[in-house]
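Visitor: I would like to go through this model with you. Could we begin with the terms and then turn to the elements?

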Amino acid sequence: MFSGKARAYTNIALIKYWGKEDQELIIPMNSSLSLTLDAFYTETQVIFSEDLTEDRFYLDNQLQDSKATVKVSRFLDLVRSQARSSLYAVVKSQNFVPTAAGLASSASGLAALAGAASAALKLDLAPEDLSRLARRGSGSACRSIYGGFAEWQKGNSDQTSRAVKVPSNNFENDLSMIFVVVNDAKKDISSRDGMQRTVETSAFYDGWLQTVPQDLARAKKAIIEKDFNTLGKVTEASALKMHGTTLAANPPFTYWSAESMQVMDLVRQLRNNGLPCYFTMDAGPNVKILVERKNENALLHALSSQLNYQHLVVAHAGPAIEILPEDAPLPSF
Ligand code: ADP
Ligand code: DP6
């Protein structure tokens, strides 16, 4: 029996990943940049054993159906092939993040799976190689290997497409991200399907691709110079452009709800009234607001007085993936 455990934190992209050049290898169309967060994470244990005749996948203590298990099995095949093993595994995972609600469970979930499975089979991967492996499960997972800011450099092959840490002068510690959870139900269109439809059909997709390199360069410069307003502006612009592409897809779609638009409007208003804050959104209706830590309480106060029905979660920069000792207690198992 070979067991491994890992804890990985979600990340939210400031410069979005949206579209794949290679769907099998998960090579993206554009590079992206994210902030790993402390508030949402996944803990996973993988046990490979000679006694098993198939893979089994438990998520939040529930045995998953064959569709969910096949995804995990395909990922384990990559790890088995690297380790030259043919053992089946039991995967037990606990999401401390709503699953498939646009709150990045795929990032923490697949990063934790990569960490736990590779530790179980003693692959001893360097961070960039663990990032490449996690990428094969879900693109955004490759950034959750690192704490703080990470850049997924698109590359053009399995070898060259991976995330790296972004030099930051510890700017991440000056930041907060407030999640306005307007709806944490499972979304209708997964990021995977949404981005593919957009690549294939959106009249705006080329426009999206053209502006990413300059947005990314601007974001990295703003991070190293600790220039909050420039980072906020480019973050908000990247999200708006990404979501713009979905409106020109065929059939068109949007992840925004009336509540999302209300929150985005409020952020603009607060900013006009002198509170610097900027929003971003992913493949779901929830809005994430970037604010300087020194203004976190002022923003929370404004949000809770004006959006009293909404659920707010405060996040700060989170740590890198943690490979846990074999005897580490995992709360739910
Ligand atoms: P999200 O916005 O939560 O990232 P996605 O639709 O992009 O939503 O991804 C959700 C998918 O990620 C799930 O359907 C499942 O396949 C995978 N996933 C989420 N959590 C885990 C986990 N803990 N272990 C393995 N796979 C997971
Ligand atoms: C909007 O990483 O979930 O959150 O690679 O198909 O698993 P797959 O997609 P996923 O997409 C994330 C899209 C996004 C933007 C981002 O995180 O960069």
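Guide: Helices (H or I, at least four residues) and strands (E, at least two) are DSSP runs, numbered from the N terminus. This is a predicted model, in which local features need pLDDT of at least 70, side-chain atom pairs count only at pLDDT 80 or more, and totals for chains, interfaces and linings use all residues. Residues are numbered from 1 along each chain as its sequence is written, chains are lettered from A and ligands numbered from 1 in the order in which they are written, and side-chain values use heavy atoms, with hydrogens and water left out.

Visitor: Where is Ser138 found?

Guide: Ser138 lies in the loop between α3 and β8.

Visitor: Is Ser138 buried or exposed?

Guide: Ser138 counts as buried because its relative accessibility is 8%. Buried means under 20% relative accessible area, exposed over 50%, and partly exposed in between (1.4 Å probe, protein chains only).

Visitor: And what is Ser138 in contact with?

Guide: Leaving aside neighbours within four places in sequence, Ser138 is in contact with Ile26, Ser106, Leu110 and Arg192. Contact means heavy atoms within 4.5 Å.

Visitor: Back one element, then. Which residues of α3 are buried?

Guide: Leu130, Ser131, Arg132, Leu133, Ala134, Arg135 and Gly137 are buried in α3. The cover over the buried residues of this helix includes β3 (27-28), α1, α2, β8, β9 and α4 (191-201).

Visitor: What about Pro127?

Guide: Pro127 belongs to helix α3, which spans residues 127-137. Pro127 counts as partly exposed, because its relative accessibility is 47%. Not counting residues up to four places away in sequence, Pro127 touches Ile145 and Tyr146.

Visitor: On to strands. How many residues of β1 are buried?

Guide: In strand β1 (residues 2-15), 13 of the 14 residues are buried, so the strand is largely enclosed by the rest of the structure. β1 pairs with β4 over 12 bridges in the antiparallel sense; two strands pair if DSSP finds at least two bridges between them. Three bridges also join β1 to strand β14 (residues 322-324), again antiparallel.

Visitor: What stands opposite Ala6?

Guide: Ala6 faces Thr44 in β4 and Ile323 in β14.

Visitor: And which strands does β8 join?

Guide: Strand β4 (residues 32-49) and β8 run antiparallel, joined by four bridges, and Phe149 in β8 is the bridge partner of Leu35. β8 also pairs with strand β9 (residues 162-165) over four antiparallel bridges, where Arg162 in β9 is the bridge partner of Gln153. Strand β8 (residues 149-153) is mostly covered, with four of its five residues buried.

Visitor: In what order do the strands of the open sheet come?

Guide: The order is β11-β12-β10-β13, four strands with antiparallel pairing. β11 (277-281) and β13 (311-315) are the edge strands, each pairing on one side only. From one strand to the next, the twist averages 25°.

Visitor: Which helices pack on that sheet?

Guide: Helix α6 (residues 228-247) touches β10 (175-181), β11 and β12, and its direction makes about 30° with that of β11. Helix α7 (residues 258-272) also packs on the sheet, touching β10, β11 and β12, with a direction at about 160° to that of β11.

Visitor: Lastly, what does UniProt list?

Guide: An unreviewed UniProt entry lists residues 8-163 as "domain: Diphosphomevalonate decarboxylase-like N-terminal". Its positions are given in the numbering used here, feature names are shortened, and annotations may be inferred rather than shown by experiment. Over residues 8-163, the chain is 29% helix and 34% strand, and the end C-alpha atoms are 15 Å apart.

Methods:
Axes are lines fitted to C-alpha atoms, for helices over the stretch in contact, and angles run from 0 to 180 degrees between N-to-C directions.
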